[in-house]
Amino acid sequence: MKSKKKIISGILIALVLIACSGVTAFAAEEGAEYVPSMYASFWALVPPIVAIVLALITKEVYSSLFIGIVIGGIFYSIGHWDLLIPQIFKEGVVGVLTDADNIAILVFVTLLGIMVCLMTRAGGSAAFGRWAGEHIKTRVGAQFATVCLGLLIFIDDGFNCLTVGSVMRPVTDEHKISRAKLAYIIDSTAAPICIIAPISSWAAAVTGFVPGEDGFSLFIRAIPYNYYALLTITMLIVLTLFKMDYGPMRKHEKNALAGDLFTTADRPYGDKEEEGDKKGGVVDLLVPILVLIGCCILGIVYTGGLFEGVPFIRAFSESEAAFGLMLGTFLALIITILFYAARKVLTLRESIGSCIPEGAKTMIPPMIILILAWTLKAMTVSLGASEFVANAVGSASGNLFNFLPAIIFVVGCFLAFSTGTSWGTFGILIPIVVAVFAGTDETMLVLAISACMAGAVCGDHCSPISDTTIMSSAGAQCSHVNHVSTQLPYAITVACVSFVTYIIAGFVKNAFICLPIGVALMLATLFIIRRVTAKDRIHTEESA
């Protein structure tokens with residue numbers, strides 16, 4: 001551990017020396033738009049790659065993200081060192097905190113933390129845990145119930161992560177399921193289900209990125225071709241029903257069965273749960289969650305103009321998801337406080353004076369990571385990562401036509417993994433795909449758009465700097481690095497099968513043929529992995 005800290009310290013010192021050595025360099029010509037010398041080159045992707053690698057090596061995410069930010073600032077400022085500090089802090093950290101959508105997400109996360117604290121203090125979570133303890137008898141049942149709840153909450157991935165985590169954490173703890181496994185289940189039923197749900201913030205985002213086409217219709221037609229999302233859900237169900245684990249996750253599950261839910265000493269969200277009020281019942285969990293879902297839907301369509309006469313579907317597609325979720329959660333919070341006061345399980349003083357600050361405090365770690373991740377994304381944008389990827393995809397469009405869906409999938413994976421943004425990946429790749437395929441081959445257009453979405457979700461699923469990955473760790477109260485390292489082997493397995501399926505689909509071009517082939521390949525792959533790891537599998541004493 002000391003050697004890792006020395007490595008990080010050495011890197012930071014070297015970066016500071018490099019920055020200081022060029023302070024006297026001349027500035028950009030006055031009035032000319034500044035373009036970094038590394039703009040739209042592979043170097044634009046180096047800062048996030050360094051941050052990701054450091055996080056996986058050192059198991060420490062805060063300094064790793066900051067080092068990536070500093071490297072991005074240095075790359076941006078080469079030859080114009082007076083821009084370094086403003087680029088990191090003014091354009092970077094302060095810049096992302098002046099973005100309305102980012103602020104809305106931070107408020108949304110804070111409000112959800114308060115909602116979770118309220119439900120815990122009212123006794124709703126504890127009551128649900130007692131109810132689940134009477135009805136869910138096995139580890140398989142607890143995992144499957146978590147999967148089902150995740151599939152039902154398809155409005156938004158962040159909402160999914162924090163809600164499913166808060167509801168199911170007591171249940172999975174009771175059945176000795178590791179926090180890393182809970183985080184994987186949450187993450188695998190967040191973005192993958194949102195990207196195939198027509199009524200979700202993700203559908204609205206994708207629809208908005210399709211120029212000159214009926215975006216919502218294309219989204220619906222692309223669902224059967226979204227192999228990564230569909231195969232992730234398939235894999236999740238197979239792993240659950242067959243009690244199968246491999247890679248680092250196996251160690252976490254083995255330790256959980258022995259009583260250690262965390263495996264490592266890192267517990268950034270705390271391992272002490274609030275005691276719930278014994279007067280609370282299951283209704284004190286279910287009513288707030290149903291109110292939260294309803295209010296979030298209402299908030300989303302409100303921002304899309306539903307109350308100004310816009311049709312429901314169009315209101316969803318034209319909504320401001322982050323702002324709508326924030327409004328909906330705020331309304332749900334007010335209703336929940338009044339509901340608990342009416343039921344006399346929490347007084348207004350307890351709700352407002354105690355739960356609001358405590359709930360907000362629990363969300364500080366994921367909020368810090370979000371801010372650092374957004375700043376790192378801003379660095380990649382300023383270095384022209386989008387233009388670099390767009391040029392790479394555009395140059396490949398003339399060759400290997402039938403392999404393009406698979407190529408687009410890989411490019412989407414790499415871009416979303418490096419930048420931590422699936423929506424940004426949609427915005428870059430989908431317009432390129434529409435320009436290449438529109439008016440030529442309608443089936444390939446749908447297939448290529450699905451490959452964009454699948455690749456973006458895959459990269460987002462794997463990336464330590466993704467909003468969804470960060471909030472999955474927060475929802476499970478799991479070490480962020482533990483979540484990333486245990487999830488990667490599973491995500492890579494699905495990505496490989498999806499890549500092969502996209503190659504087949506590029507030639508066959510039939511969803512009713514290709515999807516069953518993809519599912520069969522997924523099952524065969526898992527069967528082979530099960531056979532290879534059979535001697536090391538975790539055996540439980542209980543029956544499924």
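Predicted model: local features only at pLDDT ≥ 70, side-chain atom pairs only at ≥ 80, totals over all residues.
**Entry 1, aromatic pairs**

I started with the rings and got a count of 10 aromatic pairs. I looked up tyrosine 34 with tyrosine 76, and their rings sit edge-to-face, 5.2 Å centre to centre with 70 degrees between the planes. Where do the two partners of this pair lie? I find tyrosine 34 in the loop between α1 (2-21) and α2 (46-58), and tyrosine 76 in helix α3 (residues 61-77).

Next I took tyrosine 246 and tyrosine 490, a tilted pair at 4.7 Å centre to centre and 55 degrees between the planes. Tyrosine 246 belongs to the loop between α13 (227-241) and α14 (248-257), while tyrosine 490 is in helix α25 (residues 480-508), so this pair ties together parts 244 residues apart in sequence.

My tally for the structure is 7 salt bridges. I went to lysine 181 and found a bridge to aspartate 245, with the closest N and O atoms 3.0 Å apart. Lysine 181 is in helix α9 (residues 179-188) and aspartate 245 in the loop between α13 and α14, so I read this as a link between distant parts of the chain, 64 residues apart. Both lysine 181 and aspartate 245 are buried.

Lysine 181 has a salt bridge with glutamate 253 as well, where the closest N and O atoms are 3.9 Å apart. With lysine 181 in helix α9 and glutamate 253 in helix α14, the pair ties together parts that are 72 residues apart in sequence. I noted lysine 181 and glutamate 253 as both buried. Which residues make up the network of salt bridges here? I wrote down Arg139, Lys181, Asp245 and Glu253.

For another setting I looked at lysine 361 with glutamate 358, whose closest N and O atoms are 3.5 Å apart. Both lie in helix α18 (residues 348-362), 3 residues apart, which is about one turn of the helix. Lysine 361 is partly exposed at 48% relative accessibility, and glutamate 358 is partly exposed at 26%.

I looked up alanine 40 and found phi near 55 degrees, a positive value in a residue other than glycine. At 24% relative accessibility, alanine 40 counts as partly exposed.

Lysine 243 also has a positive phi without being glycine, near 50 degrees. I place lysine 243 in the loop between α13 and α14, where I had already put aspartate 245 and tyrosine 246. Lysine 243 comes out partly exposed, at 33% relative accessibility.

Which residues make the nonpolar patch of about 470 Å²? I list Leu298, Tyr302, Phe307, Leu331 and Ile335. Helices α15 (283-303) and α17 (321-343) each supply at least two residues of this patch. Leucine 298 is partly exposed, with a relative accessible area of 38%.

Terms used. Residues numbered from 1 in each chain as written. Heavy atoms only, no water. Phe/Tyr/Trp six-rings, centres within 6.5 Å; stacked < 30°, edge-to-face > 60°. Helix = DSSP H or I, 4+ residues; strand = E, 2+ residues; numbered from the N terminus. Buried < 20%, exposed > 50% of the residue type's maximum accessible area, 1.4 Å probe, protein only. Patch = residues over 30% accessible without salt bridge, like charges linked within 9 Å, V, L, I, M, F, W, Y side chains within 5 Å. Areas by Shrake-Rupley, 256 points an atom, 1.4 Å probe, with all protein chains shown as cover. Salt bridge = Lys/Arg side-chain N within 4 Å of Asp/Glu carboxyl O.
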